[in-house]
Amino acid sequence: MTSQGDAARFGWLRPDVLSIAAGALIAAVAPLDRFDYVARGLTASALADAAPSTQVLLVTASPEALRDGLCARSLPGLLERGRARGALLVPPADAFCGGDAAGRAAGAAPVVRMPPGLLRLSAGEVVGFFPLAAEERAAELGALGVSAAPWVLKKAPQSVPAVSLRDLADGQVPAAALEGRVAVVGVGAGGVAPQAVATSALPPAKGIAAVLGGLLDGGRRASAPIWAPALFVLLAGGLVWLARRRHGSLVATTALFLATFALAAGQSVLAARAEASLFPLPSTLFGLAVAFAGVMILRGLAVQRSVDRAAELIQRAALFRMQGVHTLRDEEFWPRVARLAEQAHPADLVLIAELPAGSWHLRFWNDRSDPRGGESLVAERRHDVRRPPYSSEQGVPAIRLARRFLTKQDMPAVVVPLIAFGEIEGYVFFCGPVAEQTFSREPERAEHVGRELALLLRRKRLARTAEADAGGAGDERAGRAPEDDLVEGARVALDDLQLFGSMLRSAPVGLLYADAFGDVRFVAPEFAKWLRARDVVVPAESASAALPPGSLTLGDVLGATSAGSAAVSLSSVMASDEGIELSVSAPEPYVLSVRPLRRESDGSTWIAGYVAALIPVKQPAPGSGNVRPLAARDATDPLCAFQLGDVVADAVASAARATGRAVRLEPIRGATHALGHRGELGQVLEAFLTDVAGRGLPGHGPVVSVREAPQGVQLSILDVGFGLGLPESALQRVLTAPGAAPAGLEPLGRLILAVEDSHGHAELKTNDGWGITLTVTLLRAHPRVGGSAHEGGKPAAQNVIAIGRASPK
């Protein structure tokens with residue numbers, strides 16, 4: 001008990017409190033006397049009074065007038081006629097104007113020499129007068145108003161009237177100008193204009209006249225009491241201490257600057273009105289700095305290591321813990337859902353509509369700077385899910401294409417209801433021509449995305465409902481200190497984080513984890529290196545390899561592959577429980593495996609995240625230097641049935657745009673359903689046509705035709721010889737060895753290899769001087785009779801037989 005009482009009694013003896021007391025003591029003692037003296041002088045000079053002086057007149061005498069004895073002859077008479085208060089002679093004028101009391105008539109105005117030792121100087125300027133007790137002319141100087149004054153709010157030099165002694169003696173200036181004034185006589189330049197007389201006076205005459213004028217007008221100033229700066233430091237230090245205790249270091253620093261500003265402003269206001277008001281500014285600021293250092297630096301140094309460690313633990317724990325979908329605020333949850341939908345389905349704009357519980361009216365969100373800005377994009381204002389376009393005329397929600405739904409009337413929108421277990425959780429709208437084209441070509445993609453988003457929204461709703469029902473548990477935890485939860489949570493998260501980070505850093509393959517929103521949260525160094533090599537911006541890694549949400553998305557990772565767009569790949573991942581595998585060849589051959597992480601809840605499975613692995617492909621040892629290995633085929637371009645006419649039309653249009661030359665396409669005859677690798681054929685055909693059209697002469701572009709022949713589907717390209725500028729014999733060599741085509745014929749070689757990979761063949765034929773024709777023949781795919789669905793019950797995109805199983809696009 002005694003020790004606790006002593007601790008309570010002396011609890012105020014903390015470093016921060018002691019530093020405030022030390023700062024106040026420093027301000028009272030004022031150890032920086034020399035700097036304080038200069039600061040007081042500068043303060044008095046800065047507050048100079050600009051009102052014209054009625055007590056002092058500056059009289060300048062040129063050296064010629066002094067040598068002629070003008071001052072000694074005329075000054076007494078001028079003072080008497082002008083009824084002046086007296087004259088103060090400033091050296092060296094006192095040697096020529098007299099100034100002794102002897103010989104002066106009784107009652108005459110005193111003429112007194114100014115002893116240089118009486119002047120108080122600061123920064124080279126006259127600021128006041130020393131005491132006059134030891135001076136033999138003290139009585140006469142006192143009669144002129146010269147008295148002890150440490151500092152004076154002097155008159156501004158331009159406010160002190162000034163005349164020339166010659167003008168006074170010649171009568172050009174009436175002697176009445178001296179009435180009631182003290183004439184400060186000093187040496188000045190002769191022959192100057194009347195308005196330049198004041199500036200022609202030599203120092204210290206100007207300074208003495210200005211200070212004496214201020215002194216006679218009540219400008220005497222002295223130091224403030226020693227308790228005044230000490231009290232200021234105590235109050236300012238207490239303000240800084242309180243600000244740091246309640247609001248932190250930034251507010252405390254702001255309080256320090258406000259206190260400093262108040263000191264400067266208060267000094268100006270007090271010095272202009274009160275006599276004993278000049279603070280020792282440097283000493284006061286030094287005391288305030290000592291108090292601030294004790295409050296901020298000393299205490300901060302004592303706990304800096306602990307604070308840094310705690311901040312590191314909290315930051316790493318926050319990055320590691322995957323925040324549940326039900327714990328996110330609506331302002332963060334719905335834009336992240338919109339971001340996930342935008343990755344999974346191509347669209348110019350994605351809107352997410354929330355259906356609040358017990359309501360029939362939607363609330364719109366989008367992934368933009370203003371998440372609630374989606375409301376202004378929708379032209380339909382009722383937002384009632386029981387009416388079109390949200391439901392059919394019969395009131396049944398279904399995927400449909402809506403027009404005039406947005407404020408931009410020309411932008412279509414694919415309306416996808418998010419239904420889970422028969423209940424509507426919300427809607428997603430894929431807007432724009434890109435979304436319309438994707439929906440018409442692959443309607444099943446919107447269905448896949450809608451199902452997964454509906455399960456995600458259902459999970460959020462059920463979790464929040466469960467939390468609301470279990471509200472009593474929160475009351476039991478209310479008595480627990482928040483610091484205990486923070487420390488315990490940080491410790492648990494740190495243990496898991498260290499284990500997970502060690503696994504990522506030591507894994508032999510690149511690993512990646514993305515959460516349910518498609519945001520990459522963990523990426524291994526090997527994976528990050530591969531992404532940077534493919535021009536993907538990867539944020540700086542933390543010590544645990546964790547990334548903040550939104551810094552890198554799974555769509556960005558899938559978009560780095562050479563297998564098409566990111567949206568196709570992400571929708572494939574959503575639609576497959578086993579995931580997908582993509583073969584990539586640059587900078588080294590890898591297999592990128594991406595699969596969803598599903599969890600079971602409420603009798604259904606939903607995607608809780610995604611995991612990806614980057615597996616290097618070992619190349620077989622070369623058997624011989626003159627053997628060329630076959631290139632690995634991309635898994636996303638399988639052998640399938642397609643319309644060759646569509647592929648050729650797209651390639652012709654792309655070649656014409658790229659070269660600016662005319663590439664003629666004859667009318668397509670027949671359905672032209674062919675079998676082959678559609679993606680590879682389209683790429684190499686476009687490159688070949690671009691090469692041929694770019695080399696050809698103007699007006700002699702290639703002519704392309706597609707038709708069905710008895711042996712298969714044929715593609716003919718006329719004028720190949722003109723475009724390449726080579727004879728038929730040189731082109732025939734490419735047919736024999738397309739993989740080793742001569743320089744300039746590489747596009748033709750790649751086209752022939754692609755045709756052979758699709759089980760077709762190519763030939764070259766001379767047309768009797770009319771150019772060389774390249775003919776490509778592919779296997780025909782026969783139409784399906786009466787077929788309306790693919791295997792698995794999915795609607796068929798075309799009425800053709802697809803040979804082999806193609807992975808979803």
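The model is predicted: local features need pLDDT of at least 70, side-chain atom pairs count only at pLDDT 80 or more, and totals for chains, interfaces and linings use all residues. Residues are numbered from 1 along each chain as its sequence is written, and side-chain values use heavy atoms, with hydrogens and water left out.

**The chain as a whole**

The chain contains 26 helices and 27 strands. Helices (H or I, at least four residues) and strands (E, at least two) are DSSP runs, numbered from the N terminus. Of the 809 residues, 45% are buried. Buried means under 20% relative accessible area, exposed means over 50%, and partly exposed lies in between (1.4 Å probe, protein chains only). Among contacts between residues at least 6 apart in sequence, 68% join residues at least 24 apart; contact means heavy atoms within 4.5 Å.

**Aromatic pairs**

The whole structure holds 11 aromatic pairs. Rings of Phe, Tyr and Trp (its six-membered ring) pair if their centres lie within 6.5 Å; planes under 30 degrees apart count as stacked, over 60 as edge-to-face and the rest as tilted. Two of the pairs are set out here.

| Pair | Centre to centre | Angle between planes | Type |
|---|---|---|---|
| F364 and F429 | 5.5 Å | 35° | tilted |
| Y390 and F405 | 6.0 Å | 85° | edge-to-face |

F364 lies in strand β12 (residues 363-366) and F429 in strand β15 (residues 423-431), so their pair ties together parts that are 65 residues apart in sequence. Both F364 and F429 are buried. Y390 is in the loop between β12 and β13 (400-402), while F405 is in the loop between β13 and β14 (413-420), 15 residues apart. Y390 is buried at a relative accessible area of 0%, and F405 is buried at 2%. Ring pairs join F364, Y390, F405, Y427 and F429 into a cluster.

**Charges over rings**

A charge sits over a ring if NZ of Lys or CZ of Arg is within 6 Å of the ring centre and within 35 degrees of the ring normal. R120 lies over the face of W151, 5.3 Å from the ring centre. K460 has its charged end over the ring of F333, at 5.0 Å from the centre.

**Nonpolar cores**

A nonpolar core is a set of buried Ala, Val, Leu, Ile, Met, Phe, Trp, Tyr and Cys residues joined through side-chain atoms within 4.5 Å. The largest has 60 residues, of which V428, F430, F527, L531, L554 and Y610 touch the most other members. Leaving aside neighbours within four places in sequence, F430 is in contact with residues including A341, L349, P412 and V449. A second, separate core has 36 residues, among them F642, L644, V663 and V704.

**Two loop residues**

R534 is in the loop between α19 (525-533) and α20 (554-559). R534 is buried, with a relative accessible area of 19%. Its C-alpha atom is separated by 9.8 Å from that of G559, 25 residues apart along the chain.

D410 belongs to the loop between β13 and β14. D410 counts as exposed, at 69% relative accessibility. The C-alpha atoms of D410 and G432 are separated by 8.7 Å, with the two residues 22 apart along the chain.
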